[in-house]
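Here is a structure to explore together, one chain at a time.

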Amino acid sequence: MRATVLVRPKTGIRDPQGEAIRGSLAGLGYPVSEVSAGKIFDLEVDTDDAAEAERVARETAGRVLANELIEGFEVVVG
Amino acid sequence: MITFLGSLDDRDAQRAVEVVGGEAVPLWHGEADLKGVDAVLLPGGFSYGDHLRCGALARFTPIMAAVADFAAQGGPVLGICNGFQILCEAGLLPGVLTPNHTRRFICRDVDLVVQAASPWLGDRPVGASITVPIKHGDGAWYHPDAGLAELEANGQILLRYAEEVNGATDRIACVTNAAGNVCGLMPHPEHAVDPLLGSIDGRLLVRRLAAA
């Protein structure tokens with residue numbers, strides 16, 4: 001079963017990647033004042049149980065995929 | 001002296017230990033065996049290609065479990081650059097390393113100011129300045145405001161950059177754990193041990209390992 005983990009920089013944490021992209025978008029003339037760059041992890045969890053897929057995704061997100069000092073995450077199953 | 005997949009300063013670190021009179025024992029990330037060493041050094045580099053976050057994957061290698069046990073027993077552990085990143089990700093040191101706010105890789109000598117007396121800094125008094133090179137793209141140490149004053153009060157903040165360099169919280173360059181036996185920094189003391197290359201201030205930190 002597919003579980004997707006979305007990792008975003010926490011509010012207030014400097015995001016040099018997002019700043020660089022925002023600068024380029026502004027240079028192209030787009031009306032974009034803020035860009036925050038995160039990460040997406042698509043996990044194929046070896047189960048047919050949505051609750052188990054979510055449990056595995058949450059555990060890997062908290063332990064490995066995100067560092068909660070600087071990042072927040074959400075999990076989408078299915 | 002641990003070699004991870006992607007370590008690149010392990011040979012320099014080995015030589016630095018020998019310059020200050022120690023014997024460097026090569027250790028391999030895939031073995032949970034410290035071979036009876038008296039001190040552990042995690043060198044700089046780009047373990048696991050810096051994928052995910054710097055140090056985030058190396059922290060799960062077999063040897064890191066042995067390093068955690070060694071640190072818990074009070075053994076001296078020094079992490080330099082990528083080694084510092086690994087120790088932070090492993091939770092053996094406070095904070096985390098994030099991309100330089102300058103968005104550039106920085107490679108140059110920096111002046112560091114001693115913030116607290118520590119065996120890691122020999123007899124250098126608070127306020128003294130030392131010169132050690134940095135070379136990193138993800139060297140901005142970050143720690144939330146909560147708990148920062150406690151680190152300072154505990155004497156866990158050993159060195160600050162003399163001037164703004166990479167965006168680190170409060171210009172902090174070097175921290176220890178609460179017990180003081182685990183130390184990490186982004187600057188490279190192992191590159192500052194030979195007069196031929198300028199400063200020899202790096203010997204201070206490496207000497208603690210050799211003396212163990």
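The report below goes through each chain and then the contact between the chains.

## Before we start

This is a predicted model, in which local features need pLDDT of at least 70 and side-chain atom pairs count only at pLDDT 80 or more, while totals for chains, interfaces and linings use all residues. Residues are numbered from 1 along each chain as its sequence is written, and chains are lettered from A and ligands numbered from 1 in the order in which they are written.

## Chain A at a glance

Chain A has two helices and three strands; helices (H or I, at least four residues) and strands (E, at least two) are DSSP runs, numbered from the N terminus. Along the sequence these elements follow the pattern β-α-β-α-β.

The C-alpha atoms of chain A fill a box of roughly 45 × 25 × 15 Å along the principal axes. The radius of gyration of chain A is 15 Å, whereas a compact globule of 78 residues would have one near 12 Å. That radius is taken over C-alpha atoms, and the globule rule is 2.2 Å times the number of residues to the power 0.38. Buried residues make up 18% of the 78 residues in chain A. A residue is called buried if 20 or more other C-beta atoms lie within 10 Å of its own, exposed if 12 or fewer do, and partly exposed in between, with C-beta atoms placed from the backbone.

## The sheet of chain A

The three strands form an open sheet in the order β2-β1-β3 of chain A, with antiparallel pairing. Two strands pair if DSSP finds at least two bridges between them. The edges are β2 and β3 of chain A, each pairing on one side only, and neighbouring strands are turned by 20 degrees against each other on average, direction ignored. Such angles use axes that are lines fitted to C-alpha atoms, for helices over the stretch in contact, and run from 0 to 180 degrees between N-to-C directions.

Strand β1(A), residues 2–9, is joined to β2(A), residues 39–44, by six bridges and to β3(A), residues 71–77, by seven bridges. A:Val5 is a handy residue to look for: it stands opposite A:Phe41 in β2(A), and its bridge partner in β3(A) is A:Val75. Another pair links A:Ala3 with A:Val77 of β3(A). Helix α2(A), residues 50–65, packs on this sheet, touching β1, β2 and β3 of chain A, and its direction makes about 160 degrees with that of β3(A). Contact here means that the C-beta atoms of two residues, placed from the backbone, lie within 7 Å.

## Chain B at a glance

Chain B has five helices and 11 strands. Its C-alpha trace spans about 40 × 35 × 30 Å along the principal axes. A compact globule of 212 residues would have a radius of gyration near 17 Å, and the 15 Å of chain B agrees with this. Of these 212 residues, 52% count as buried. Among contacts in chain B between residues at least 6 apart in sequence, 73% join residues at least 24 apart.

Seven strands of chain B make an open sheet with mixed pairing, in the order β3-β4-β11-β10-β9-β6-β7. Its edge strands are β3 and β7 of chain B. Within chain B, β6 (residues 106–114) and β9 (residues 157–161) pair in the antiparallel sense over three bridges, and B:Val114 stands opposite B:Leu159 in β9(B). Helix α2(B), residues 62–72, lies across β3, β4 and β11 of chain B, running at about 130 degrees to β4(B).

## A covered helix in chain B

How many residues of helix α5(B) are buried? Six of the eight residues in α5(B), which covers residues 203–210, are buried, among them B:Leu204, B:Leu205 and B:Val206. What covers the buried residues includes α1, β3, β4 and β7 of chain B.

The axes of α1(B) and α5(B) come within 9 Å and cross at roughly 75 degrees. That makes α1(B) roughly perpendicular to α5(B), a label for angles of 65 to 115 degrees; those under 35 count as roughly parallel, those over 145 as roughly antiparallel and the rest as oblique. In this contact, α1(B) uses B:Ala16, B:Val17 and B:Val19, while α5(B) uses B:Arg203, B:Val206, B:Leu209 and B:Ala210.

## Where the chains meet

The contact between the chains takes 11 residues from chain B and seven residues from chain A. On the chain B side, the residues divide into five nonpolar, three polar and three charged. Here Ala, Val, Leu, Ile, Met, Phe, Trp, Tyr, Cys and Pro count as nonpolar, Asp, Glu, Lys and Arg as charged, and the others, Gly among them, as polar.
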